[in-house]
Amino acid sequence: MSTFDTNALPFLNPRTERRVALITGGNSGVGFYTVLHLYLHGYIIYIAGRSRSQCLKSIKELKKKAKEIIQEYDVDASSIRHLGDLFFLEVDLSSLSSVIRAVEYFKSIEDHLHLLINNAGAMALPFALTKDNFEIQLQTNYVSPFLLTTKLLPILEKTTDKFPTSPPPRVIYVSSIGHQFAIRYFRLSQAFNYKPNFIFTWLRYGMAKTAGIHFMKMLALRNPKVLSMTVHPGFVMNANIFAYWTRLPIVGILFWCVFEIVGYFFGVSSQEGAEAVTKCSLDPSFTVEKHNGKYFGADGQEATPSRIANDMDYAARTWIWTIHQLNERGIRIPNNNDF
């Protein structure tokens with residue numbers, strides 16, 4: 001569990017230093033509290049999600065919580081701490097065309113981006129293919145974040161040039177201990193559509209989350225102007241994540257019991273999980289030279305992912321496979337020289 005004090009992070013005045021953040025899945029769980037921290041620290045935040053009504057409801061709640069917090073500030077804190085702003089950005093990670101539309105819209109209204117947090121994901125779902133013909137967990141947890149990030153890289157890199165005295169832009173991928181479920185012979189082309197689904201869904205989830213770690217390592221290698229990191233926020237006790245399993249007859253009861261026991265001994269709240277993500281997002285001591293491509297644990301300290309996730313040969317294969325798959329679907333990812 002993180003013991004990091006988020007109040008130790010720099011507070012910005014958006015009137016004089018307008019820093020922009022985009023976060024997927026910022027309307028609930030760890031994402032919600034990460035947005036709250038960024039908002040309190042003066043960031044202009046775009047909450048990317050599928051449901052306008054849910055995101056607007058969360059924005060209203062975030063503003064209410066922030067107002068309650070700032071009322072507790074003393075005079076000195078009130079003079080240097082300013083709220084940012086919150087906006088909704090429509091995106092459905094199960095649709096590649098939706099991701100592309102979201103990027104184009106964002107680029108039409110903003111000319112810089114300081115922070116991109118790939119937080120949204122799907123866990124332990126039954127086997128299903130998206131309309132883009134990717135397994136649902138693989139697309140939501142990896143392929144769409146890959147597409148979103150690479151399509152935003154030009155604006156991220158231009159932000160470095162536009163704000164030469166500011167810290168470099170950051171890309172954060174929110175991972176999971178579930179990446180450890182990836183099996184020894186890592187192949188994204190393997191669907192693992194076998195029974196019982198109760199077992200193989202976790203393999204599919206682990207593959208997707210491992211691919212996300214690979215992505216951050218390759219991005220760090222290819223794009224030194226941007227600080228790319230992975231953070232594992234801990235075993236977050238959010239029942240909504242496991243809603244599919246807890247609703248199943250018989251199995252759901254057993255799963256709920258395991259969920260409660262494991263959570264009691266090892267779980268963290270969404271608020272606690274957000275502290276590690278916030279630290280990686282805002283801590284000024286993190287640098288491209290020392291931290292690019294690194295993996296951080298729930299305490300906000302550098303950690304080591306699984307052997308497969310840490311393997312650069314696998315990471316290179318993951319990158320090549322993803323580029324090839326997107327090319328087959330008519331989506332071109334620009335090279336560095338195209339920026």
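Colleague: What makes R204 and E135 a salt bridge?
Modeller: The closest N and O atoms of R204 and E135 are 3.5 Å apart. A salt bridge is a side-chain nitrogen of Lys or Arg within 4 Å of a carboxyl oxygen of Asp or Glu, so 3.5 Å qualifies. This is a predicted model, in which local features need pLDDT of at least 70 and side-chain atom pairs count only at pLDDT 80 or more, while totals for chains, interfaces and linings use all residues. Residues are numbered from 1 along each chain as its sequence is written, and side-chain values use heavy atoms, with hydrogens and water left out.

Colleague: Which parts of the chain does the pair of R204 and E135 link?
Modeller: R204 is in helix 6 and E135 in the loop between strand 4 and helix 5, 69 residues apart. Helices (H or I, at least four residues) and strands (E, at least two) are DSSP runs, numbered from the N terminus. Both R204 and E135 are buried.

Colleague: How do you know that D111 and K162 form a salt bridge?
Modeller: Their closest N and O atoms are 2.7 Å apart, which meets the cut-off for the term. D111 sits in the loop between helix 4 and strand 4 (115-118) and K162 in helix 5, 51 residues apart. The structure holds 7 salt bridges.

Colleague: Is D111 called buried, exposed or partly exposed, and why?
Modeller: D111 has a relative accessible area of 46%. Buried means under 20% relative accessible area, exposed over 50%, partly exposed in between (1.4 Å probe, protein chains only), so D111 is partly exposed. K162, at 42%, is partly exposed too.

Colleague: Why is S58 called buried?
Modeller: The relative accessible area of S58 is 8%, and that falls within the range for buried. S58 belongs to helix 2 (residues 52-70). Leaving aside neighbours within four places in sequence, S58 is in contact (heavy atoms within 4.5 Å) with N27 and F32.

Colleague: What makes the pair of Y46 and F106 edge-to-face?
Modeller: The ring centres of Y46 and F106 are 5.2 Å apart and the planes are at 85°. Rings of Phe, Tyr and Trp (its six-membered ring) pair if their centres lie within 6.5 Å; planes under 30 degrees apart count as stacked, over 60 as edge-to-face and the rest as tilted. Y46 and F106 therefore form an edge-to-face pair. Y46 lies in strand 2 and F106 in helix 4, so parts 60 residues apart in sequence are tied together.

Colleague: How is the pair of Y142 and F215 classed?
Modeller: Y142 and F215 are edge-to-face as well, at 6.4 Å centre to centre and 75° between the planes. Together with F146 and W319, Y142 and F215 form one aromatic cluster.

Colleague: What puts R329 over the face of F134?
Modeller: R329 is at 3.8 Å from the ring centre of F134. A charge sits over a ring if NZ of Lys or CZ of Arg is within 6 Å of the ring centre and within 35 degrees of the ring normal. The charged end of R81 likewise sits over the ring of Y73, 4.8 Å from its centre.

Colleague: Which residues touch the most other members in the largest nonpolar core?
Modeller: L22, F106, L113 and L152 do, in a core of 51 residues. A nonpolar core is a set of buried Ala, Val, Leu, Ile, Met, Phe, Trp, Tyr and Cys residues joined through side-chain atoms within 4.5 Å. Helix 5 gives the most to this core, with 10 residues.
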